[in-house]
Amino acid sequence: MPTSLDAPGARLLRLWRRLSPLPGGDWLFSTILGFMVPYTGSIRPRVRFLEPGHARVELRDRRRLRNHLRSVHAIALTNLGEVTGGLAMLVGLPPTVRGIVTGLSIEFHKKARGTLTAESVVTIPEVTAPCEHQARASIRDQQGEVVAEATVRWRLAPA
């Protein structure tokens, strides 16, 4: 039987709790996350808050993330939504549950410019049999306006 020390979400949460109080700790955690998940690391997300079922991740607007309209590219926004919803879900799963992303959708509401903040609050279900569950992430600009909303579909099952 897996222990809480084996669960990937538990390891991430322990690392976050150890590093985040330190000066530059959220940067270090985010850098380590980028090495663990290289494609996600390509957008350089900055985790600002992480607890079971709740994540807030920031994305700085940089030229390399822009499209021909001089706004943040749709796929960078999708990546941001996925990592935010994924972290909220993953660190909330008990060690007796495993999960995998089976779907991802996103709605774009307006051009995304400037520093963006994605936030996901997820209710972790009790999993006694395989089931589907969703994590939603809302992405806002500096004015607090929603620029996109991502839905990450998970397949959860007992480990």
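In the account of charge that follows, Lys and Arg count as positive and Asp and Glu as negative, while His and the chain ends are not counted. The place of a charge is taken as NZ of Lys, CZ of Arg, CG of Asp or CD of Glu. On this basis the protein chain carries 22 positive and 13 negative side chains, and the centres of the two sets are 7 Å apart.

The model is a predicted one, in which local features need pLDDT of at least 70 and side-chain atom pairs count only at pLDDT 80 or more, whereas totals for chains, interfaces and linings use all residues. Residues are numbered from 1 along each chain as its sequence is written, and side-chain values use heavy atoms, with hydrogens and water left out.

The protein chain contains 4 helices and 6 strands; helices (H or I, at least four residues) and strands (E, at least two) are DSSP runs, numbered from the N terminus. In order from the N terminus, the elements follow the pattern α-α-α-β-β-α-β-β-β-β. The C-alpha trace spans about 50 × 35 × 25 Å along its principal axes. The radius of gyration, taken over C-alpha atoms, is 15 Å, which agrees with the value near 15 Å for a compact globule of 159 residues; the globule rule is 2.2 Å times the number of residues to the power 0.38.

Of the 159 residues, 42% count as buried. Here buried means under 20% relative accessible area, exposed means over 50%, and partly exposed lies in between (1.4 Å probe, protein chains only). The accessible surface of the chain comes to about 8,700 Å², and carbon and sulfur atoms account for 55% of this surface. Accessible areas come from the Shrake-Rupley method with a 1.4 Å probe, and for residues only the protein chains shown count as cover. Among contacts (heavy atoms within 4.5 Å) between residues at least 6 apart in sequence, 64% join residues at least 24 apart.

The structure holds 10 salt bridges, each defined as a side-chain nitrogen of Lys or Arg within 4 Å of a carboxyl oxygen of Asp or Glu. One of them joins Asp26 and Arg46, with the closest N and O atoms 3.1 Å apart. This pair links distant parts of the chain, since Asp26 belongs to helix H2 (residues 25-36) and Arg46 to strand S1 (residues 46-51), 20 residues apart. Asp26 also forms a salt bridge with Arg48, at 2.6 Å from N to O. Arg48 lies in strand S1 and Asp26 in helix H2, so this pair ties together parts that are 22 residues apart in sequence. Asp26 is buried, at 13% relative accessibility, whereas Arg46 is partly exposed at 25% and Arg48 is partly exposed at 36%. Asp26, Arg46, Arg48 and Glu58 are linked in a network of salt bridges.

A further salt bridge joins Glu132 and Arg153, whose closest N and O atoms are 3.5 Å apart. Glu132 lies in strand S5 (residues 131-140) and Arg153 in strand S6 (residues 146-158), so parts that are 21 residues apart in sequence are tied together. Glu132 is partly exposed, with a relative accessible area of 42%, and Arg153 is partly exposed at 37%.

Arg60 is located in the loop between strand S2 (54-59) and helix H4 (74-90). With a relative accessible area of 48%, Arg60 is partly exposed. Apart from residues up to four places away in sequence, Arg60 touches Leu65 and Thr115. Arg60 and Val72 are separated by 12 residues in sequence and by 9.5 Å in space, C-alpha to C-alpha.
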